[in-house]
Amino acid sequence: MKVLLLKDPKDKDSGPDPYIKELGLYGFEATLIPVLSFEFISLESLFEKLSHPECYGGLVFTSPRALEAIKICLKENSKNEAWSKSLKQRWNTKPAYVVGKATASLVEEIGLAPQGEKSGNAEKLAEYICSREKPNSSALLFPCGALKREVLPTVLREKGIPLESLTVYQTTQHADLQESLSSYFSQQGIPASVVFFSPSGVKFCLPHIQKLSGDFINDIKFAAIGPTTAEAMEAAGIPATCTAESPTPQDLAAGIQKALRLQNC
């Protein structure tokens with residue numbers, strides 16, 4: 001059975017995409033179509049803030065893209081040297097809160113120790129941060145995207161925990177998305193399941209999928225990587241048949257397997 005994954009591929013130099021690999025273990029034929037493009041902004045401002053760890057109580061990351069922004073900064077020799085010599089060590093005396101495993105592994109790549117990776121979504125991460133931070137302490141630095149949800153900032157604000165957001169990337173539709181979807185449906189037919197990985201993915205892909213599927217759209221089991229994406233699907237009129245218990249390849253594959261097995265009973 002075919003599964004269409006609407007997400008960006010993992011870095012080419014780090015082996016096969018873990019979602020394709022995991023679904024393959026269940027006998028699914030998974031295909032990945034990149035949905036989003038990212039433009040990184042305010043990188044000088046980001047590194048300026050990273051250069052002053054004494055001004056902050058820690059870091060918050062809810063997206064791998066925020067770490068990509070930091071990695072772009074660190075490609076510059078002088079910045080990389082400053083990071084390696086002292087900044088990394090000084091930040092390591094403070095927490096680096098992360099929302100999931102993908103973000104946690106990127107935090108480790110820049111030499112920091114992630115906390116809260118089992119949270120899985122912004123709501124649970126906000127609860128975790130509130131259990132560890134005192135009100136009116138130093139602000140947490142939050143590099144984020146232009147489309148960030150307000151859940152985490154709102155919860156922290158209500159608890160009196162200062163958060164300083166800095167927009168470091170903007171999200172747009174991938175230039176080849178429409179062509180890639182048309183090509184997939186004409187060559188592979190209607191997939192058994194389509195997986196959305198973000199509210200932006202729902203916004204950019206769903207109209208094309210509805211058009212390409214036609215009357216067969218009810219045959220597709222739609223899946224979500226997490227509750228935020230599931231909410232966006234519901235709002236767009238396509239309820240999620242399954243939502244991964246946590247945003248991991250293992251939980252997603254198990255959820256899809258269960259949903260499709262029930263269909264075939």
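Axes are lines fitted to C-alpha atoms, for helices over the stretch in contact, and angles run from 0 to 180 degrees between N-to-C directions. The model under discussion is predicted.

**Annotated region**

According to the UniProt record, an unreviewed entry, the annotation "domain: Tetrapyrrole biosynthesis uroporphyrinogen III synthase" covers residues 19-253. Over residues 19-253 the chain is 46% helix and 20% strand, and the end C-alpha atoms of this stretch are 8 Å apart.

**Helix packing**

| Helix pair | Angle between axes | Axis distance |
|---|---|---|
| Helix 2 (residues 43-50) and helix 3 | roughly 85 degrees | within 10 Å |
| Helix 3 (residues 64-73) and helix 5 (residues 101-109) | about 15 degrees | 9 Å |

Angles of 65 to 115 degrees count as roughly perpendicular; helix 2 and helix 3 are therefore roughly perpendicular to each other. On the helix 2 side, Leu43, Leu46, Phe47 and Leu50 meet Ala69, Ile70, Ile72 and Cys73 in helix 3. By class, this contact of helix 2 with helix 3 has 8 nonpolar, no polar and no charged residues.

The packing of helix 3 with helix 5, at an angle of about 15 degrees, makes the two helices roughly parallel. Helix 3 passes helix 5 in a left-handed crossing. Here Pro64, Leu67 and Lys71 of helix 3 are in contact with Ala102, Thr103, Leu106, Val107 and Glu109 of helix 5. The residues of this contact divide into 5 nonpolar, 1 polar and 2 charged.

**Aromatic pairs**

The whole structure contains 7 aromatic pairs. One of them joins Tyr19 and Phe197 in an edge-to-face arrangement, with 5.2 Å centre to centre and 85 degrees between the planes. Tyr19 belongs to helix 1 (residues 18-25), whereas Phe197 is in the loop between strand 9 (193-196) and helix 9 (199-213), so the pair ties together parts that are 178 residues apart in sequence.

Key: Residues numbered from 1 in each chain as written. Predicted model: local features only at pLDDT ≥ 70, side-chain atom pairs only at ≥ 80, totals over all residues. Heavy atoms only, no water. Helix = DSSP H or I, 4+ residues; strand = E, 2+ residues; numbered from the N terminus. Parallel < 35°, antiparallel > 145°, perpendicular 65-115°, else oblique. Left-handed = near helix turned anticlockwise from the far one by under 90°. Contact = heavy atoms within 4.5 Å. Nonpolar A, V, L, I, M, F, W, Y, C, P; charged D, E, K, R; others polar. UniProt positions renumbered as here; feature names shortened; annotations may be inferred. Phe/Tyr/Trp six-rings, centres within 6.5 Å; stacked < 30°, edge-to-face > 60°.
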